[in-house]
Amino acid sequence: MDLLWFDGALVIAGPDRQAKIEHVPPGKMVVGLQFCPGAAANWLRAPVSDVTDARVPLEHFWGRDVRHLAEWVGQEPTPEKIAQRLEEALLHRLSGIATLDRLPLAMFRIVAETQSSSPPVMCRLSRALDLSARTLRRRALDAFGYGPKTLDRILRFQRFLQLAATDTASSLAELAVAAGYADQPHLTRETSRLASFTPDALRTELSR
């Protein structure tokens with residue numbers, strides 16, 4: 001989840017279930033701040049599932065004052081200064097933000113720290129947090145925009161991307177196991193579904 005300043009407007013970039021290629025015209029500047037996992041719902045005062053796979057004007061959540069905020073942010077000439085003003089704007093609103101719900105962060109950490117597919121993610125979460133699968137799915141949709149199974153798939157894919165970008169010696173089969181996939185065919189299927197690329201093509205892109 002990101003808060004983006006782009007071409008004079010403030011936009012919420014919701015969580016994507018598939019990778020999206022954003023096209024930015026030459027000469028245009030994009031500056032963004034990323035929410036911590038599970039925190040965006042508090043700032044938007046809306047479930048994150050409302051913006052899954054979407055780009056939504058911040059005005060939809062914060063009202064017309066966002067137009068003045070976007071103008072004020074855009075008065076700065078550099079990305080660093082724009083980011084600083086975005087941070088100042090968020091800090092100004094911090095007192096009105098509800099206390100962060102710790103459950104989504106706990107869910108995120110359990111999923112992120114476990115690299116094995118056994119037992120299944122829902123079983124791991126249910127045992128660790130003593131909650132039903134139905135409750136876990138509802139809370140995950142509110143906090144992340146999708147259920148625990150999709151969160152698990154995306155975090156595993158991100159682990160592969162990190163490994164592919166830094167480990168040039170290991171084979172794809174070795175990277176697949178290290179990232180938490182059952183085998184290389186499992187990695188190939190998932191990268192095709194999530195990014196529409198083969199693992200080898202992604203590794204080539206990351207090495208450029």
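Begin by selecting Arg67 and Glu59, whose side chains meet in a salt bridge at 3.0 Å, N to O, where a salt bridge is a side-chain nitrogen of Lys or Arg within 4 Å of a carboxyl oxygen of Asp or Glu. Glu59 is partly exposed, with a relative accessible area of 26%; on this scale buried means under 20% relative accessible area, exposed means over 50%, and partly exposed lies in between (1.4 Å probe, protein chains only).

Before going further, note that this is a predicted model in which local features need pLDDT of at least 70 and side-chain atom pairs count only at pLDDT 80 or more, while totals for chains, interfaces and linings use all residues. Residues are numbered from 1 along each chain as its sequence is written, and side-chain values use heavy atoms, with hydrogens and water left out.

**The whole chain**

Now zoom out to the chain, which has eleven helices and four strands; helices (H or I, at least four residues) and strands (E, at least two) are DSSP runs, numbered from the N terminus. Taken along the principal axes, the C-alpha atoms fill a box of roughly 50 × 45 × 20 Å. Of the 208 residues in the chain, 38% are buried. Among contacts with a separation of 6 or more, 65% are between residues 24 or more positions apart, a contact being heavy atoms within 4.5 Å. The chain exposes about 12000 Å², of which carbon and sulfur atoms supply 52%, with accessible areas taken from the Shrake-Rupley method with a 1.4 Å probe.

Colouring by charge shows 26 positive and 24 negative side chains, the centres of the two sets lying 6 Å apart. In this count Lys and Arg are positive and Asp and Glu negative, while His and the chain ends are not counted; the place of a charge is NZ of Lys, CZ of Arg, CG of Asp or CD of Glu.

**Salt bridges in the first part of the sequence**

The structure holds twelve salt bridges, and the next one to select joins Lys28 to Asp7, with the closest N and O atoms 3.1 Å apart. Lys28 lies in the loop between β2 (9-13) and β3 (30-34) and Asp7 in the loop between β1 (2-6) and β2, so the pair ties together parts that are 21 residues apart in sequence. Lys28 itself counts as partly exposed, at 42% relative accessibility. Then select Asp16, Lys20, Glu22 and Arg55 together, which are linked in a network of salt bridges.

**Helix α8 and its surroundings**

Move on to helix α8, residues 148-166, whose 19 residues reach 27 Å from the first C-alpha to the last, close to the 27 Å expected at 1.5 Å a residue; the expected span is 1.5 Å times one less than the number of residues. The buried residues of α8 include Leu151, Ile154, Leu155, Phe157 and Phe160. With α8 still highlighted, show α5 (102-113), α6 (121-129), α7 (133-144), α9 (172-179), α10 (184-195) and α11 (199-206), against which the buried residues of α8 pack.

An α-helix has 3.6 residues a turn, so residues three or four places apart point the same way. Both partners count as buried, Arg156 at 7% relative accessibility and Asp152 at 8%. Leaving aside neighbours within four places in sequence, Arg156 is in contact with Ala179, Gly180, Tyr181, His186 and Glu190.

Arg159 also lies in helix α8, but this residue is buried yet has no salt bridge, and the nearest side chain of opposite charge, Asp152, is 4.9 Å away. Not counting residues up to four places away in sequence, Arg159 touches Val111, Ala112, Thr114, Gln115 and Ala179.

**Helices α5 and α7**

Select α5 next: its twelve residues should span 16 Å at 1.5 Å a residue, and its end C-alpha atoms are 16 Å apart, which agrees. Leu103, Pro104, Leu105, Met107 and Val111 are buried in α5, and the buried residues of this helix pack against α6, α7 and α8.

Finish at Arg138, found in helix α7, which is partly exposed, with a relative accessible area of 48%.
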